[in-house]
Amino acid sequence: MSGPLVCPTCGEPHPPDERFCRSCQMPLVYSASLGVQPPVSARHERARKVDPRYTEGDLVRVAGAMNQAEAEFVQGMLLEEGIPSTLRRTRGFDVPDMLAAGPRDVMVPASGFAAAREVLLQAEIVSEERPSSPPAARVLAGLLLACAIVALIAWIGTDLLG
Ligand SMILES: [Zn+2]
């Protein structure tokens, strides 16, 4: 009887208190989420697909997804090409209320980045242009501007009354 958590890349089962794979450092997933196939064959299927050339280097962001389901779709597409990937919650949206929703970053090993980029460009998942600034930075800039305006209005108000 193996643990309910498995590595999405190598298929290695882990006990429930582990968070990351001991060999690939990938965040572990519940074996049930790997699909309708029995866990053992699903694990073997996934492990067989991964191309060892694409497993080296630090994790780099290759694409963003609107939510977990979309991110998993992208992961499946990459895995078809032998590229392992992992998901990260996009910075700026890391709040408990959005555990199931919220955007995700799709991360791949550095050696698989070029191939992953190619796959996603072909599928029109990503475009050549990158957004100029992340949404969180824009929200912060807006807040700072709002504070400045409030301060200015208060200053003008006291000046006129005094
Ligand atoms: Zn692993």
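**A friendly note on the zinc site, a helix pair and their surroundings**

1. The four donor atoms around the zinc ion subtend angles of 105 to 113°, which makes the arrangement tetrahedral. Please keep in mind as you read that this is a predicted model. The protein donors are the SG atoms of Cys7, Cys10, Cys21 and Cys24, and they lie 2.1 to 2.3 Å from the zinc ion. Along the chain, the donors of the zinc ion are spaced as C-x2-C-x10-C-x2-C.

2. Are cysteine 21 and cysteine 24 buried or partly exposed? Cysteine 21 has a relative accessibility of 2%, so it counts as buried. Cysteine 24 has a relative accessible area of 25% and is partly exposed, because buried here means under 20%.

3. The protein chain has 162 residues, and buried residues make up 29% of them. Taking contacts between residues at least 6 apart in sequence, 57% join residues at least 24 apart.

4. Next, the helix pair. Two packed helices are described by the angle between their axes and the distance between the axes. Here the helices are α2 (residues 68–80) and α3 (residues 113–122), whose axes come within 10 Å and cross at roughly 115°. The crossing of α2 past α3 is right-handed. Which residues make the contact? On the α2 side they are Val74, Met77 and Leu78, and on the α3 side Ala116, Val119 and Leu120. Sorted by type, the residues of this contact are six nonpolar, no polar and no charged.

5. Staying with α3, its buried residues are Ala115, Ala116, Arg117, Val119 and Leu120. What covers the buried residues of α3? The cover includes β4 and α2, along with β6 (104–109). After α3 comes glutamate 124, which has a positive phi, near 60°.

6. Strand β4 (residues 59–65) deserves a visit too, and leucine 59 lies in it. With a relative accessibility of 28%, leucine 59 counts as partly exposed. Where are its contacts, once neighbours within four places in sequence are set aside? Leucine 59 is in contact with Met26, Thr86, Arg88, Met107, Val108 and Pro109. As for phenylalanine 113, it stands 54 residues from leucine 59 in sequence, while their C-alpha atoms are 8.9 Å apart in space.

7. Finally, look at threonine 55, in the loop between α1 (39–49) and β4. Its relative accessible area is 37%, so threonine 55 is partly exposed. Not counting residues up to four places away in sequence, threonine 55 touches Val50, Pro84, Pro109 and Ser111. Threonine 55 and serine 111 are 56 residues apart in sequence, and from C-alpha to C-alpha they are 6.5 Å apart in space. Pro109 is one of the residues touched by threonine 55, and Pro109 is also among the contacts of leucine 59.

Notes: Residues are numbered from 1 along each chain as its sequence is written. This is a predicted model: local features need pLDDT of at least 70, side-chain atom pairs count only at pLDDT 80 or more; totals for chains, interfaces and linings use all residues. Side-chain values use heavy atoms; hydrogens and water are left out. Axes are lines fitted to C-alpha atoms, for helices over the stretch in contact, and angles run from 0 to 180 degrees between N-to-C directions. Helices (H or I, at least four residues) and strands (E, at least two) are DSSP runs, numbered from the N terminus. A crossing is left-handed if the near helix is turned anticlockwise from the far one by less than a right angle, and right-handed if clockwise. Contact means heavy atoms within 4.5 Å. Ala, Val, Leu, Ile, Met, Phe, Trp, Tyr, Cys and Pro count as nonpolar, Asp, Glu, Lys and Arg as charged, and the others, Gly among them, as polar. Donors are N, O and S atoms within 2.8 Å of the metal (3.2 Å for Na, K and Ca); water is not among the atoms, so sites may look incomplete. Four donors count as tetrahedral if all angles lie between 85 and 135 degrees; four count as square planar and six as octahedral if opposite donors are over 155 degrees apart and all others between 65 and 115; anything else is irregular. Buried means under 20% relative accessible area, exposed over 50%, partly exposed in between (1.4 Å probe, protein chains only).
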